[in-house]
Amino acid sequence: MNGNALDALRRRLPDLRLKTEPADLEFYGRDWTRRWTPAPLAIALPGSVEEVQGIMRWASEFGVAIVPSGGRTGLSGGAVAAHGELVVSTERLNKVLSFDRIDRSLTVEAGITLEAAQNAAREQGLIYPVDFAARGSCAIGGTIATNAGGIRVLRYGNTRNWIAGLKLVTPQGELLDLNRGLIKNSSGYDLRQLVIGAEGTLGIVVEATLQLTDPAPRSNVMLLALPSFEVLMDVFAVLRSALSLSAFEFFTDIALKHVLAHGAQAPFAETYPYYVVSEFDCADDAQEAAVLAAFEQLAEQGQVLDGVISSSDAQAAALWRLREGITESLAQYTPYKNDVAVRISAMPAFLAEAQSLLGEAYPDFEVVWFGHIGDGNLHINVLKPGDMAQADFVAACEQVTKLLAKVLQEHGGSISAEHGIGLVKKPYLDCTRSLAEIELMRQIRRAVDPAGLMNPGKVFD
Ligand code: 2HG
Ligand code: ZN
């Protein structure tokens with residue numbers, strides 16, 4: 001039946017670019033998770049919004065499921081197509097459409113990479129402040145679908161703060177122009193915000209109007225070596241009150257070991273248990289003096305074992321690389337990933353419990369802790385031993401994640417801070433959202449997509 005459906009699609013949209021080669025199905029049918037075997041029906045690469053609308057009308061007529069697809073850098077399986085779905089890639093919808101100097105906004109197609117959008121903003125003397133390591137490959141549409149966070153959430157917040165408007169093609173092929181760049185709009189439900197973070201279950205985002213802002217003042221990057229997990233939050237408190245921070249990230253000695261093995265430069269002659277990378281404004285003498293004073297205070301209190309402050313852009317980039325290179329350096333171990341959040345105030349108690357739980361649960365596995373500690377967001381990657389079957393490894397990790405999800409629930413946290421629920425975290429959604437909330441999400445989904453064709457199986461069943 002789907003073969004016939006595909007013929008009908010070809011007849012209906014003769015100019016639509018379609019790929020059906022096995023290598024393409026494999027390439028476009030998966031994201032950075034490597035757990036599912038891709039098996040899409042075909043890959044559509046629309047070149048216009050009208051083509052996306054045509055695809056959606058066809059899909060609803062023929063009952064074909066759709067998987068929206070951007071840069072497929074997601075880590076929760078949100079872009080996996082393993083059941084004969086049509087993957088709709090926004091790859092060709094990658095243009096900057098307009099810039100408005102008065103509104104300070106940039107309107108882009110959904111398939112543009114985050115980096116290209118950032119560059120376009122910079123060319124206008126402004127910035128789009130959402131930023132993270134996958135910037136060169138991820139698509140803006142995907143960042144909207146997951147409400148992506150990243151390394152400067154501490155100062156700028158998540159993606160949803162920066163989307164002034166978006167265009168959505170609904171499962172019926174309607175084009176909705178949501179919020180149209182308005183700053184104030186008190187006219188009922190904010191459907192734009194509902195779409196942000198919906199992981200492609202309510203339609204396909206085809207365009208976005210990004211709010212831009214002034215470039216940050218001159219900044220510097222500091223790397224600190226710390227003796228224990230316990231001092232992390234104290235160091236954060238000291239730096240946050242003394243400096244104007246734009247990032248406060250951490251990683252462990254194990255993370256550093258992997259990044260160094262992947263080609264990064266060792267920052268210190270010795271190794272230490274924990275590290276913090278912090279970025280802060282350093283625009284004048286007063287700010288520079290504050291940095292030194294804060295550093296001395298921490299050293300005197302014995303909270304910092306070693307430290308370095310960047311003295312050039314190249315050195316700042318090298319320090320950032322130690323944190324931003326972690327994911328790539330771990331990829332060869334097909335890690336089981338956790339991306340959890342608690343309120344910052346709950347972090348010390350949560351950290352202590354999570355550490356003891358995972359220490360006991362994973363005595364034989366290497367566990368890598370890192371993340372956006374200043375946002376209350378931890379990434380916990382468990383590395384698969386080379387000789388272990390992937391399925392056994394995942395099964396073992398899932399048992400532990402159930403326990404971790406309970407600890408998170410006790411601390412009012414979330415099982416997904418910024419990577420989305422997708423397929424990977426679906427079994428634990430009810431530890432983060434109440435049953436009443438999940439039922440309400442289901443009802444909303446049914447109202448928008450009664451046939452359940454948009455990214456089925458993602459977020460909830
Ligand atoms: C990061 O912060 C990304 O580097 C990826 O969110 C995290 O690989 C991970 O677990
Ligand atoms: Zn992250």
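**Reading the zinc site, cysteines and cores**

Modeller: Let's start with the metal in this predicted model. Along the chain, the donors of the zinc ion (ligand 2) are spaced as H-x6-H-x38-E.

Colleague: Which residues coordinate the zinc ion (ligand 2)?

Modeller: His 372 and His 379 each bring their NE2, and Glu 418 brings its OE, at 1.9 to 2.1 Å. Water is not among the atoms, so the site may look incomplete.

Colleague: Are those histidines, His 372 and His 379, buried or exposed?

Modeller: His 372 is buried at 3% relative accessibility, and His 379 is buried too, with a relative accessible area of 4%.

Colleague: Now the cysteines. How many disulfides are there?

Modeller: The general idea is a covalent bond between the sulfur atoms of two cysteines. For a pair to count here, the sulfurs must lie within 2.5 Å, and the count comes to zero. Take Cys 431: the nearest cysteine sulfur belongs to Cys 397, 17 Å away, so Cys 431 is in no disulfide. Cys 431 is buried, with a relative accessible area of 11%.

Colleague: And the largest nonpolar core: which residues touch the most other members?

Modeller: Think of a core as buried nonpolar residues joined through their side chains. This one has 57 residues, and Leu 239, Phe 350, Trp 369 and Leu 378 touch the most other members. At least three residues come from each of domain 3 (219-327) and domain 4 (334-419).

Colleague: What does Phe 350 touch?

Modeller: Leaving out residues up to four places away in sequence, its contacts include Val 340, Leu 378, Leu 404 and His 411. There is also a second, separate core of 30 residues, with Tyr 128 and Trp 162 among them.

Definitions and conventions: Residues are numbered from 1 along each chain as its sequence is written. Chains are lettered from A and ligands numbered from 1 in the order in which they are written. This is a predicted model: local features need pLDDT of at least 70, side-chain atom pairs count only at pLDDT 80 or more; totals for chains, interfaces and linings use all residues. Side-chain values use heavy atoms; hydrogens and water are left out. Buried means under 20% relative accessible area, exposed over 50%, partly exposed in between (1.4 Å probe, protein chains only). Donors are N, O and S atoms within 2.8 Å of the metal (3.2 Å for Na, K and Ca); water is not among the atoms, so sites may look incomplete. A nonpolar core is a set of buried Ala, Val, Leu, Ile, Met, Phe, Trp, Tyr and Cys residues joined through side-chain atoms within 4.5 Å. Domain bounds come from an automatic or database domain assignment. Contact means heavy atoms within 4.5 Å.
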